[in-house]
Amino acid sequence: MRKLIVLAVFFTSVIVSNTYGQEGFAVKAGLNNVSVKVDTGDDFFGSISDSELGFYLGGSYNFVASEEFDIEPSVLFSFVDDLTSLYIPVMAKYKINNFNIQAGPQINYLLEDLPDGEFGLDIAFGGGYQIDDNWFVEARYGFQISRGGDFGDVVDINTLTFGAGYRFN
């Protein structure tokens, strides 16, 4: 399953890069807030939730699909106190002047030493603003729709990010 997800992201990137014009690589960094909700399985305690602030950094490549649409796969490392993760979002971006609306799938992989449930799949959505030809800001919310293994039955991980980036044209 893991290999299949990685191959799907790779082939999507290759197909898009060979079909449409390229805009360029970007570096990104910002703040993220990761919320974790754990179902205890106990009627008395119900569930326990916590939220922690951290930061992320990474890179992306923006593919211009048309005048209105871009596709942007990214690789982002998230550093939160007890939950270091790798995120691989593939965002479709609808452009309205300098603004864009983003939505798409996001793979997340927990880099902590966990026995099971490292891989998760999120749906992410948000928006961005292109300040000039190179600089941009964006905000995104990703909510978990599935997580592998027994871990996924009891844990729900969602992420809110605010960041800025620089695109090399």
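User: Leaving aside neighbours within four places in sequence, which residues is V27 in contact with?

Analyst: Contact here means heavy atoms within 4.5 Å, and on that reading V27 is in contact with G58, G59, F136, A164, G165, Y166 and F168, once its neighbours within four places in sequence are left aside. The model is a predicted one, in which local features need pLDDT of at least 70 and side-chain atom pairs count only at pLDDT 80 or more, while totals for chains, interfaces and linings use all residues. Residues are numbered from 1 along each chain as its sequence is written, and side-chain values use heavy atoms, with hydrogens and water left out.

User: In which strand does V27 lie, and how far apart are the C-alpha atoms of V27 and L57?

Analyst: Helices (H or I, at least four residues) and strands (E, at least two) are DSSP runs numbered from the N terminus, and V27 lies in strand β1. The C-alpha atoms of V27 and L57 are separated by 7.6 Å, although these residues are 30 apart along the chain. Burial is read from relative accessible area with a 1.4 Å probe and protein chains only: under 20% is buried, over 50% is exposed, and in between is partly exposed. V27, at 42% relative accessibility, therefore counts as partly exposed.

User: How many helices and strands are there in the protein chain, and what share of its residues is buried?

Analyst: The protein chain has 1 helix and 8 strands, and from the N terminus on its elements run α-β-β-β-β-β-β-β-β. Of its 169 residues, 34% are buried. Among contacts between residues at least 6 apart in sequence, 53% join residues at least 24 apart.

User: Which residues make up the largest nonpolar core?

Analyst: A nonpolar core is a set of buried Ala, Val, Leu, Ile, Met, Phe, Trp, Tyr and Cys residues joined through side-chain atoms within 4.5 Å. The largest one here has 9 residues, namely V34, Y56, L76, V80, L83, Y87, L110, V155 and I157. For Y87, the residues touched, not counting those up to four places away in sequence, include V34, L76, S74, Q106, D122 and T159.

User: Which residues form the nonpolar patch on the surface?

Analyst: Patches are made of residues with over 30% relative accessible area and no salt bridge, like charges being joined within 9 Å and nonpolar side chains (Val, Leu, Ile, Met, Phe, Trp, Tyr) within 5 Å. Here L31, L53, F55, L57, V75, F77, F79 and L111 form the patch, with about 720 Å² of accessible area together, an area taken from the Shrake-Rupley method with a 1.4 Å probe, where for residues only the protein chains shown count as cover. β2 (46-64) and β3 (69-79) each supply at least two residues of it. F77 is found in strand β3 and, at 36% relative accessibility, counts as partly exposed.

User: How many salt bridges does a search of the whole structure find, and which residues are linked in a network?

Analyst: Side chains of opposite charge can pair when their charged atoms come close. The cut-off for a salt bridge is a side-chain nitrogen of Lys or Arg within 4 Å of a carboxyl oxygen of Asp or Glu, and the search finds 7 of them. E23, K28, E72, K93, E138, R140 and R167 are linked in a network of salt bridges. In one of the pairs, the side chains of K28 and E72 meet at 2.9 Å, N to O. K28 lies in strand β1 (residues 22-42) and E72 in strand β3, so the pair ties together parts that are 44 residues apart in sequence. K28 also pairs with E138, the closest N and O atoms being 2.9 Å apart. That pair links distant parts of the chain, with E138 in strand β7 (residues 135-147) and K28 in strand β1, 110 residues apart.

User: Are K28 and E72 buried or exposed?

Analyst: K28 is buried, with a relative accessible area of 3%, and E72 is buried at 1%. R140 and E138 are buried as well.

User: With which side chain does the side chain of K93 make a polar contact?

Analyst: A polar contact is a pair of N or O atoms within 3.5 Å; within protein, one must be able to donate a hydrogen and the other to accept it, and residues adjacent in sequence count only if both atoms are side-chain atoms. The side chain of K93 makes such a contact with the side chain of E72, at 3.5 Å. K93 is found in strand β4 and is buried, with a relative accessible area of 5%.

User: What is the phi of N97?

Analyst: Most residues other than glycine have a negative phi. N97, although not a glycine, has a positive phi of about 55 degrees. N97 is found in the loop between β4 (85-96) and β5 (99-110), and it counts as exposed at 74% relative accessibility.
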